[in-house]
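Here's a quick briefing to read with the model open beside you. Take a look, then work through the topics below.

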Amino acid sequence: MAAAGWLRRAAAATMPRLPSGLPLIPPPPPAPLTEAQSLVVPGLGAAAGPAMELMAVPKKKVSKYKKGLRNGPKALKPVPVIVRCRCCGRVKLPHFYCCSGERGNPSESSS
């Protein structure tokens, strides 16, 4: 133990001191960084490259109810389909049989 105290005192005596008594330790010179090193995000490696952008992350999960309230107006609305028969002019649904293309009164049958 005595040797450790002597060594500590010897190291402190050789080091220059500030007026407050703290030892003056020069900062190490900054190492030059290349562009690839400065843009590397820890955990992603260099594969992400310099074009990587950070995105916003939500703080909490959005519930189905809140999501439904927000997206409700975006839903598809039913479009009213009004089609008139080319022969008799009656309103009908598209692709439904009306009068089989006969001109005149569809209730009359000329068979």
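Helices (H or I, at least four residues) and strands (E, at least two) are DSSP runs, numbered from the N terminus. Keep in mind that this is a predicted model: local features need pLDDT of at least 70, side-chain atom pairs count only at pLDDT 80 or more, and totals for chains, interfaces and linings use all residues. Residues are numbered from 1 along each chain as its sequence is written, and side-chain values use heavy atoms, with hydrogens and water left out.

**Burial**

- Of the 111 residues in the protein chain, 4% are buried.
- Buried here means under 20% relative accessible area, exposed means over 50%, and partly exposed is in between (1.4 Å probe, protein chains only).
- Those areas come from the Shrake-Rupley method with a 1.4 Å probe, and for residues only the protein chains shown count as cover.

**Cysteines**

- How many disulfides are there, taking a disulfide as a pair of cysteine sulfur atoms within 2.5 Å? The count is zero.
- For Cys-88, the closest cysteine sulfur sits in Cys-98, 3.4 Å away, and that's too far for a bond.
- Cys-98 is likewise in no disulfide, with the sulfur of Cys-88 as its nearest cysteine sulfur.
- Cys-88 is partly exposed at 25% relative accessibility, whereas Cys-98 is buried at 19%.

**The positive patch**

- Lys-61, Lys-64, Lys-67, Arg-70 and Lys-74 gather in a surface patch of positive charge.
- Patch members have over 30% relative accessible area and no salt bridge; like charges are joined within 9 Å, and nonpolar side chains (Val, Leu, Ile, Met, Phe, Trp, Tyr) within 5 Å.
- A salt bridge would be a side-chain nitrogen of Lys or Arg within 4 Å of a carboxyl oxygen of Asp or Glu.
- Lys and Arg count as positive, Asp and Glu as negative, and His and the chain ends aren't counted.
- Each charge is placed at NZ of Lys, CZ of Arg, CG of Asp or CD of Glu.
- One of the patch residues, Lys-64, belongs to helix α3 (residues 64-71) and is exposed, with a relative accessible area of 77%.

**Around the strands**

- Val-81 lies in the loop between α3 and β1 (83-84) and is partly exposed at 46% relative accessible area.
- Val-81 and Lys-92 are 11 residues apart in sequence, with their C-alpha atoms 8.9 Å apart.
- Phe-96 falls in the segment after β2 (91-92) and is exposed at 53% relative accessibility.
- From Phe-96 to Cys-85 it's 11 residues in sequence and 9.7 Å in space, C-alpha to C-alpha.
- His-95 is also in the segment after β2, and it counts as exposed at 82% relative accessibility.
- What is the phi of His-95? It is positive, about 70 degrees, although His-95 is not a glycine.
- Most residues other than glycine have a negative phi.

Conventions. Disulfide = S-S within 2.5 Å.
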